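Subject: Handover of a structure, with findings

Dear colleague,

Please find below the structure that I am handing over to you. My notes on it follow directly after.

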Amino acid sequence: MSKALGYAALTPTSPLAPLAFERRDPRANDVSIDILYCGVCHSDIHQARNEWGIAVYPLMPGHEIVGKVTAVGPAVRNYKVGDLVGVGCMVDSCQQCAACRKDLEQYCQEGPTMTYATPDRLDGTNTMGGYSDHIVVREEFVVRIPEGMDLAAAAPILCAGITTYSPLKHHGVGPGHKVGILGMGGLGHMGIKLAKAMGAEVTVFTRSAAKAGEARKQGADHVIVSTDAEQMAAAAGHFDFLLDTIPVQHDLNPYLQTLTFDGVHILVGLIEPIAPPVHAANLVLQRRVLAGSLIGGIAETQEVLDFCAEHGISCDIEMLDIQNINAAYERMIVGDVKYRFVIDMASLKA
Ligand code: NDP
Ligand code: ZN
């Protein structure tokens with residue numbers, strides 16, 4: 001075992017605070033990684049505060065991890081000491097089921113082992129995430145950071161990037177498609193860049209007119225202020241796809257009406273009941289589809305990193321000392337971040 005230090009929540013209502021704990025020694029197929037940077041995802045807030053009802057404590061968030069390999073087990077083939085690597089939302093899966101065999105570990109039929117707050121498949125201990133100085137992860141769940149990529153700005157690709165890339169790719173988004181991105185936060189701003197790079201015409205739906213100029217700087221072709229009923233009505237029947245990153249319950253009906261026939265509304269922000277209810281007429285009368293999507297597989301996570309490197313896409317980040325993590329959560333809740341906090345893990349030693 002090795003001594004580790006991180007920031008964790010001890011209860012749903014306690015702020016994150018330093019926690020000393022232990023990481024396992026690398027197993028034969030494990031990679032040990034010193035964490036340099038870790039992005040802050042809205043899921044970290046949902047989990048730290050048990051908003052999904054599945055948290056286990058102490059809960060150490062963090063699943064947008066970039067670091068340097070410090071040790072490898074004897075069976076590791078693809079990584080060596082000194083490599084710059086990433087770890088996203090998962091650290092293990094059964095590797096046998098139909099989903100795992102299709103490189104869709106996120107849909108592992110036994111349930112994937114998430115990077116934090118999930119029992120390890122072998123020793124049953126609760127996984128602890130990337131708000132920490134180092135992590136030990138089986139080789140199959142480690143990805144390579146493309147050469148030359150800014151390491152801090154790469155971190156959010158491990159969740160915000162893959163979570164928006166995977167559904168856009170799965171649904172075949174490309175030239176000629178009109179795509180709406182709902183919510184311009186960490187996921188949303190990556191969704192704009194990725195959908196643009198795939199060749200789509202991109203519109204941002206945001207609550208705040210003040211973000212309109214920003215959205216265009218991100219590459220959006222158009223902006224709709226979602227709180228303006230006239231602007232929403234004017235967009236009726238327009239979009240082929242909507243990618244919905246809004247992290248709280250919201251009325252889907254006005255958005256569904258902006259889809260063309262056969263249009264697809266893809267939920268990534270919600271894993272709670274939809275409220276108010278969806279009026280089935282908004283689906284049935286135009287053969288529209290309401291879909292969902294969870295992160296992406298490991299091969300696809302490498303793919304989106306390489307895609308971003310190739311297209312010069314990077315996340316807009318604000319660097320954070322870990323001591324300020326609780327204030328950062330409050331700022332994220334009111335939408336005051338452009339557009340992803342990334343923890344500089346050097347601050348943990350301060
Ligand atoms: P952020 O907080 O960075 O961004 C969310 C954005 O949604 C905000 O910037 C805001 O955009 C909009 N928004 C926030 N609150 C409201 C509200 N009350 N009503 C309407 N719009 C609102 O979050 P992330 O991008 O990190 O995460 C978004 C969601 O996606 C979270 O719920 C997260 O848990 C989930 N998620 C899901 C994954 C999956 O695999 N499916 C993976 C990762 C995250 P604006 O100000 O422009 O309106
Ligand atoms: Zn995330």
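The model is predicted: local features need pLDDT of at least 70, side-chain atom pairs count only at pLDDT 80 or more, and totals for chains, interfaces and linings use all residues. Residues are numbered from 1 along each chain as its sequence is written, chains are lettered from A and ligands numbered from 1 in the order in which they are written, and side-chain values use heavy atoms, with hydrogens and water left out.

The ligand site

Around ligand 1 there are 26 residues, of which His-42, Thr-206, Lys-211, Ile-295 and Arg-340 come nearest; a residue belongs here if one of its heavy atoms lies within 4 Å of the ligand. By class, this shell holds 12 nonpolar, 11 polar and 3 charged residues, where Ala, Val, Leu, Ile, Met, Phe, Trp, Tyr, Cys and Pro count as nonpolar, Asp, Glu, Lys and Arg as charged, and the others, Gly among them, as polar.

Several polar contacts were found (pairs of N or O atoms within 3.5 Å; within protein, one must be able to donate a hydrogen and the other to accept it, and residues adjacent in sequence count only if both atoms are side-chain atoms). An N or O atom in the side chain of Arg-340 is 2.6 Å from an oxygen atom of ligand 1, and a polar side-chain atom of His-46 lies 2.8 Å from an oxygen atom of the ligand. Ser-293 contributes a backbone N or O atom, 3.0 Å from a nitrogen atom of ligand 1. Taken alone, the ligand exposes 930 Å², and the protein buries 90% of that (Shrake-Rupley method with a 1.4 Å probe; for residues, only the protein chains shown count as cover).

Two elements give two or more residues to the shell, helix H1 (42-48) and helix H5 (186-197); helices (H or I, at least four residues) and strands (E, at least two) are DSSP runs, numbered from the N terminus. H1 provides the largest share, 3 residues. The shell draws at least three residues from each of domain 1 (2-159 + 296-349) and domain 2 (161-292), with bounds from an automatic or database domain assignment.

Salt bridges

The whole structure contains 19 salt bridges, each being a side-chain nitrogen of Lys or Arg within 4 Å of a carboxyl oxygen of Asp or Glu. In one of them, the closest N and O atoms of Arg-49 and Glu-330 are 2.7 Å apart. Arg-49 lies in the loop between H1 and strand E4 (65-72) and Glu-330 in helix H11 (residues 325-333), so the pair ties together parts that are 281 residues apart in sequence. Arg-49 is partly exposed at 28% relative accessibility, as is Glu-330 at 42% (buried means under 20% relative accessible area, exposed over 50%, partly exposed in between; 1.4 Å probe, protein chains only).

Lys-193 pairs with Asp-316, with the closest N and O atoms 2.6 Å apart. This pair links helix H5 to the loop between helix H10 (298-311) and strand E16 (317-320), 123 residues apart. Lys-193 is buried at 15%, whereas Asp-316 is partly exposed at 27%.

A buried side chain

Asn-253, in helix H8 (residues 253-256), is buried, with a relative accessible area of 11%. A polar atom of the Asn-253 side chain lies 2.8 Å from the backbone nitrogen of His-279.

With kind regards
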